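Thanks for coming. Please have a look at the model first.

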Amino acid sequence: LVEDLMLQGGVDTSLVHWWKDDGAGRTARNGLNFVEKGFGPRPALGCSDRGHTAASQLVPGDLDFSALFQRGVRLLHTGGIFAALGPETSEVALDAMKAASRAGTRVSYDLNYRPSLWQQLGGAKRAQEVNRRLVEHVDVLFGNEEDFSVALGFEPEGQRDFDDLKPTAYAAMLRRVATAFPHLSLIATSLRVAGSASE
């Protein structure tokens, strides 16, 4: 199904690294993400089903990134979810970023903090350590208000409640992010407030 969807989208699959599986998902499988829709005051709830996935088992050296970037790839995109999938996936992301930089390929990264993925790896403290190390190699950074605080360690001054976040405090925080990571050429973000479970 995954291969078929890639082919339907016109994606070149010649460098896809296919993993052998045992037919039951015990050795390697594709990840799933379930979202339970919210209702009334109850917010939506996401559940990541990523155990034993092929991506979570990647280690540095499994993929030949230099071969990929020699093909003229213009952008590498990864993020905090991939970095949290397994014990060595953040190192795989770092290898990819370094190879991209050597080839002149721009790197984008979505902080995308998911507490459930980081809980066995050391929680928010470890996420901040990993993300700060990776963002050193990023050109374009994505994240929402909580991503910058929890996953990167930057708090808007005088603000603890994200439901009443003042845009001026948020903008000042993003300027501190840009100063701390001068390699960044763009920070993309949004301020979102949930009015209800569906809005």
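Before the residues, a definition: buried means under 20% relative accessible area, exposed means over 50%, and partly exposed is in between, with a 1.4 Å probe and protein chains only. Ser-116 has 44% relative accessibility, so it counts as partly exposed. Ser-116 is in helix H5, where helices are DSSP runs of H or I with at least four residues, strands are runs of E with at least two, and both are numbered from the N terminus.

Now the source. This is a predicted model, in which local features need pLDDT of at least 70 and side-chain atom pairs count only at pLDDT 80 or more, while totals for chains, interfaces and linings use all residues. Residues are numbered from 1 along each chain as its sequence is written, and side-chain values use heavy atoms, with hydrogens and water left out.

The whole chain next. There are eight helices and six strands, and along the sequence they follow the pattern α-β-β-α-β-α-α-β-α-α-β-α-α-β. The radius of gyration is 18 Å, close to the 16 Å that the globule rule gives for 199 residues, so the chain is as compact as a globular protein of that length. That radius is taken over C-alpha atoms, and the rule is 2.2 Å times the number of residues to the power 0.38. Along its principal axes, the C-alpha trace spans about 50 × 40 × 35 Å. Of the 199 residues, 33% count as buried. Contact here means heavy atoms within 4.5 Å. Among the contacts with a separation of 6 or more, 65% come from residues 24 or more positions apart.

On to the helix pair. How do H4 and helix H6 cross? Their axes come within 10 Å and cross at roughly 10 degrees. Axes are lines fitted to C-alpha atoms, for helices over the stretch in contact, and angles run from 0 to 180 degrees between N-to-C directions. H4 and H6 are therefore roughly parallel to each other; angles under 35 degrees count as roughly parallel, over 145 as roughly antiparallel, 65 to 115 as roughly perpendicular and the rest as oblique. From H4, the residues Ser-90, Glu-91, Ala-93, Leu-94 and Met-97 meet Val-130, Arg-133 and Leu-134 of H6. By class, this contact has five nonpolar, one polar and two charged residues. Nonpolar covers Ala, Val, Leu, Ile, Met, Phe, Trp, Tyr, Cys and Pro; charged covers Asp, Glu, Lys and Arg; the others, Gly among them, are polar.

Ser-90 sits in H4, which runs over residues 89-102. With 7% relative accessibility, Ser-90 counts as buried. Beyond four places in sequence, Ser-90 touches Ala-83, Val-130 and Leu-134.

Is Phe-148 buried or exposed? At 0% relative accessibility, Phe-148 counts as buried. Phe-148 is in helix H7, residues 145-151. Its contacts beyond four places in sequence include Leu-111, Leu-141, Phe-154, Tyr-170, Met-173 and Ile-187.

Last, two backbone angles. His-52, in the loop between strand E2 and helix H2, has phi near 65 degrees, a positive value in a residue other than glycine. Asn-112, in the loop between strand E4 and helix H5, has a positive phi near 40 degrees.
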